[in-house]
Amino acid sequence: MSKVKEFVNRNTRQYGMIIALLIIMIFFGIITEGKIIWPRNISMLVRQNAYVLILAIGMMFCILTGGNIDLSVGSLVALVSAMSGMMTTTLGLPPWLSIIIGILTGLLAGIWQGFWIAFVKVPPFITTLAGMLVFRGLNNIILNGKTLPLSGLYVTIGTGSVPDIAPNTFRDFLHIGNLLNLQNPPKFLNGTMLIVGFVLSVIYVLFMFLSRQRKKKRGYEVAPLPMVIIKAALIFIVINIFSYWLAMDEGLPIMLILVAILFVTYSFIATKTILGRHLYAMGGNAKAAELSGVNTKKMMFLAYANMGFLSSIAAIVTAGRMMAASPNVGVNFEMDAIGSCFIGGASAYGGVGTIWGAIVGAFIMGVMNNGMSIIGLNVFLQSVAKGLVVLFAVAFDMYSKSKSRFC
Amino acid sequence: MSEYILQMENITKKFPGVTALSNVSFKVKKGEIHALVGENGAGKSTLMNVLSGIHPYGSYEGDIIYKGTECKFKNIRDSEGMGIAIIHQELALSPFLTIAENIFIGNERAKCGIINWDETNKAAVQLMKRVGIRERYDAQVKNIGVGKQQLVEIAKALSKNCELLILDEPTAALNDEDSDHLLELLKTLNKESGMTCIMISHKLHEVIKVANSITILRDGKTIETLDNSESVSEDRIIKDMVGRELTDRFPEHTPNIGDIGFEIKDWTVHDPLNEERRIVKNANMNFRKGEIVGVYGLMGSGRTELAMSVFGKAYGSKICGTLIKEGKEITLNNIQQAISNGLAYVTEDRKTAGLVHIQDIKWNITLSNLKQITKGFVVNEDEEIIIGKEYREKFNIKSTSVFQKVGNLSGGNQQKVVLSKWIFSSPDVLILDEPTRGIDVGAKYEIYKIILQLAQEGKCVIMISSELPEILGITDRLYIMNEGRVVGEMKTSEATPEDIMSTIINSSAGR
Ligand SMILES: Nc1ncnc2c1ncn2[C@@H]1O[C@H](COP(=O)(O)OP(=O)(O)OP(=O)(O)O)[C@@H](O)[C@H]1O
Ligand SMILES: [Mg+2]
């Protein structure tokens, strides 16, 4: 029993965040009379907030290096979409090529900032403040104040879904959805989504048990079996409910695939690789990390170069969803990303925080965004509410930390 | 009123998973110097944190009676208000502020929030005189050296009119000269103004020299309080501390010395802030496999700077000279190269440069050698736990488990984690900079054993230390440094403390 307790103790922070997300969901569920969980709105939640999810992942890496943030993210999103848009609209390049050019632009901008930060040691705050002005300016120069319409591949990425490979196969499950008494009950279920969701959840659960088995065989310490079973069951249920939900709407958004791939990759880097270790070491104590052989310059450079890369992905996604490259896209994106990381448990001093946390934080932001829009709260009040949530989340974190230190 | 200024009765303090203090009673007479000794993790710092309100009333059980009244300190300001001042194991000065500013930090000479600088500086100069700091009052604290920093802390305590001064390992980071000065100062303050002192220390000879009474803690319990009016023997204290007789301070060993494994030739290092100033001047040293070589010198002799500059240029500018390992010349331009060439450097400054405090024991141990536990791209965290456990056991790291954050370990146990980390990196050349600073006698013995074992395995061990007995106790050969130069080399078996000191003095006088 004490083993279970110890295990829970070691993971409380994670569960705390999910509970916070659930509470906020329920809160908005009540005040929007359930509208927030309509399949349509859940699907929108993913699509509209994909950019925050993507940016929060990159921002988490910057914050981990030592509480450093990147202020230029929003402007870079604008620059990349303008650049890419110009390539295809004005110069007539095929969309795939102009998307690649856009991504290269973002990467280049990231490398540029990484260079000043890591090798010239200009503080990140200042470098990215400069970037924020420079990139926004370049966007305006390219677009000359005009908006470029986009189409084709952009729109597919921004709004498209994977085609239904098995239409009308899962009619029998429809009545589960009907039980929910939705205003417009679903007429069909998207087969692709259901199959993908189910297969992934099975693979994940199998993987959990197999790796536990393998660890046990090699004599490593493993989580207690009841914990694993509960966790596996929960994950299985959550994934399938989620996919059922999306299946009632348009199915599997391409954006969701993108976000999922990024999430898995970056989580892997952060938790499983030497690179990730070094990132945490550096944020925890830069001097000790350096004396232990961590190349802190390289880490800094990579964090910011990567932020540029992810900004460009966010830019393509955003441009696609808006079907345009416009001069004022991306305003305040950096704030959403930074806010997500801190809500998700990042330390403002660096060295603490998870990709998973950033994602949950971004979802909390997203639910608030959508929830408040649905009830028609005025945008200024929305901004006030978001600001306060970030403040309280971090305050609560600080409070619970100081508590645990002195008990 | 009783003769006791302070009575702590039945103090019990629990942290998640550990009982740091159980039913400790601790009494201090007015006007005495009372030493508190015990092994690493015995609970000394915790007891003092309870006393000074860092662990607030309510977070522990038991009573504190100070000057006849029961005290319930909620924070450090409450205890300061009653005249109790604490100087922590790790100094808490603000490096960029001046001496005067640091002395009056939190206690500014001010009216309506506006600082009176003339008054501040005047008072600072007086206090500095009282504690014996010969520096300008406006010197930045980061430039004055640890010995004087410690004195600044004392001046700071005096400025608060403290009656009970708590010093947590005040001499751990000091050389003999600075330690003597500090201890004399304590005695003087004690005689002249009747200030009561509680001093935590692992240096038992100092304890015996200055303390009136000695309380020994072991595993969070009071063992006994000894009256030191006719000197208690060190062995007696040690027996109480570790619970058994410790016959030898240094393990026996028969050196098994091989060929030269590492050489430093014509090594010169300049101050990174002032490229004209040479910190290390043309040093030549060689180290044989299986040999433990001591590097002794006073504070400022350039030992640490030499070591760090060799370790991938972690310190210094305009470094020139050659490094030869196993007969081949190597260039180490950064720390990664140094590590991959089999060097390891255990820093003397564990708080700021040794550990990642927010991470746990196992994590810190593997940090400098992650490759060892990585397959493909994946760091094997299960293997890491096993390694953590292995070292925790081998070094006897007192902790709840390998998942304990190193920031919560006692000072000495943190040092063991730092050592584990570097030993795990399995170096060929191991540079230890003050490896036993702040470590209790029992654990020192363990660490010496490990050092000797590493030497037996054929590694070159370089040991920088300010403790002469330690250098004489376990090294095979030693270099003496002074003012950036290597001024002497002797076989340890033929060296005496007098020889060493006279070598240093002659080399200074020679110019
Ligand atoms: N904040 C904390 N959280 C958890 N455990 C703690 C905390 N602070 C101290 N401990 C534990 O309490 C015990 C006593 O620690 P303490 O720092 O008082 O030892 P100490 O006698 O000062 O040792 P040293 O000589 O090494 O400084 C140790 O086992 C330590 O791990
Ligand atoms: Mg201590």
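Let me start with a term: a polar contact here is a pair of N or O atoms within 3.5 Å, where within protein one must be able to donate a hydrogen and the other to accept it, and residues adjacent in sequence count only if both atoms are side-chain atoms. Between chain B and chain A there are nine residue pairs in polar contact, both residues at pLDDT 80 or more.

A word on the source, everyone. This is a predicted model, in which local features need pLDDT of at least 70, side-chain atom pairs count only at pLDDT 80 or more, and totals for chains, interfaces and linings use all residues. Residues are numbered from 1 along each chain as its sequence is written, chains are lettered from A and ligands numbered from 1 in the order in which they are written, and side-chain values use heavy atoms, with hydrogens and water left out.

Now, the interface. Counting contact as heavy atoms within 4.5 Å, chain B brings 45 residues and chain A brings 32 residues. The buried area, meaning the accessible area (1.4 Å probe) that two parts lose on being put together, summed over both, is about 2,900 Å², and carbon and sulfur atoms give 58% of that. On the chain B side, B:Gln336, B:Asp382 and B:Phe403 lose the most area to chain A, together 17% of what that side buries.

By salt bridge I mean a side-chain nitrogen of Lys or Arg within 4 Å of a carboxyl oxygen of Asp or Glu, and chain B and chain A share three of them.

Let's move to the rings. Rings of Phe, Tyr and Trp (its six-membered ring) pair if their centres lie within 6.5 Å, with planes under 30 degrees apart called stacked, over 60 edge-to-face and the rest tilted. Over all chains, the structure holds 17 aromatic pairs. One of them is the tilted pair of A:Phe263 and A:Trp356, at 6.3 Å centre to centre and 45° between the planes.

And how accessible are those two? I use buried for under 20% relative accessible area, exposed for over 50% and partly exposed in between (1.4 Å probe, protein chains only). A:Phe263 is partly exposed at 24%, and A:Trp356 is partly exposed at 31%.

In chain B, B:Phe250 and B:Tyr448 also form a tilted pair, 5.2 Å centre to centre with 40° between the planes. B:Phe250 is partly exposed at 22%, whereas B:Tyr448 is buried at 3%.
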